[in-house]
Amino acid sequence: MSTQANQAITVIATIKVKPEHVEQVKSEMVKLTQASQAEQGAIQYNIHQDNEDSSNFITYEVWENNESLKQHGKSAHFQNFVKATDGMIDNFVIKQTTLIA
């Protein structure tokens with residue numbers, strides 16, 4: 001299913017971190033969140049940690065449009081996060097969604 005270029009995009013990502021790296025990845029996620037919230041086109045950008053399993057995280061992001069989301073993926077702070085957490089994450093699933101009601 002395609003979305004219109006000017007329609008808001010919601011991203012929900014689930015991240016499973018290797019247990020021995022939880023605190024380091026969490027620290028990097030906080031840095032990423034602070035920088036991402038300041039990005040042009042970012043409506044909302046939050047990271048949540050599972051209350052029962054601290055190695056599980058969820059990001060909830062809302063972007064003005066697909067272009068702003070693409071720019072986020074190219075941003076220096078996102079690329080730094082990817083490099084800084086290399087080998088520390090077991091699973092990273094990203095779902096792009098569109099509000100329907």
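**View 1. Packing of helices α2 and α3.** Helix α2 (residues 66-74) and helix α3 pack at an angle of about 50°, and their axes lie 5 Å apart. Axes are lines fitted to C-alpha atoms, for helices over the stretch in contact, and angles run from 0 to 180 degrees between N-to-C directions. Helices (H or I, at least four residues) and strands (E, at least two) are DSSP runs, numbered from the N terminus. α2 and α3 are therefore oblique to each other; angles under 35 degrees count as roughly parallel, over 145 as roughly antiparallel, 65 to 115 as roughly perpendicular and the rest as oblique. On the α2 side H72, G73 and K74 take part, and they meet A76, H77, F78 and Q79 of α3. By class, the residues of this contact are 2 nonpolar, 4 polar and 1 charged (Ala, Val, Leu, Ile, Met, Phe, Trp, Tyr, Cys and Pro count as nonpolar, Asp, Glu, Lys and Arg as charged, and the others, Gly among them, as polar). Contact means heavy atoms within 4.5 Å.

The model is predicted: local features need pLDDT of at least 70, side-chain atom pairs count only at pLDDT 80 or more, and totals for chains, interfaces and linings use all residues. Residues are numbered from 1 along each chain as its sequence is written, and side-chain values use heavy atoms, with hydrogens and water left out.

View 2. H72 belongs to helix α2 and is buried, with a relative accessible area of 4%. Buried means under 20% relative accessible area, exposed over 50%, partly exposed in between (1.4 Å probe, protein chains only). Neighbours within four places in sequence aside, H72 is in contact with L32, S36, E39, Y45, E61, W63, H77 and F78.

View 3. L32 lies in helix α1 and is buried, with a relative accessible area of 4%. Apart from neighbours within four places in sequence, its contacts are Y45, H72, H77, F78 and F81. The axes of α1 and α3 come within 9 Å and cross at roughly 175°; the two helices are therefore roughly antiparallel to each other. From α1, the residues Q24, V25, E28, M29, L32, A35 and S36 meet H77, F78, F81 and A84 of α3. This contact has 7 nonpolar, 3 polar and 1 charged residues.

View 4. An open sheet is formed by 4 strands in the order β2-β3-β1-β4, with antiparallel pairing. Two strands pair if DSSP finds at least two bridges between them. β2 and β4 (89-97) stand at the edges with a single partner strand each, so one side of each has no neighbour in the sheet. On average, neighbouring strands are turned by 10° against each other, direction ignored. Antiparallel β2 and β3 are joined by 7 bridges, and N46 has Y60 in β3 as its bridge partner. α1 packs on the sheet and touches β1, β2 and β3, its direction making about 165° with that of β2. α2 also packs on the sheet, touching β1, β2, β3 and β4, and its direction makes about 135° with that of β3.

**View 5. The largest nonpolar core and F57.** This core has 16 residues, of which V17, M29, F57 and W63 touch the most other members. The elements giving two or more residues to it are β1 (9-17), α1 (22-37), β2 (42-49), β3 (56-63) and α3 (76-84). A nonpolar core is a set of buried Ala, Val, Leu, Ile, Met, Phe, Trp, Tyr and Cys residues joined through side-chain atoms within 4.5 Å. Not counting residues up to four places away in sequence, F57 touches A13, T14, I15, V17, V22, K26, M29, I47, H48 and Q49.
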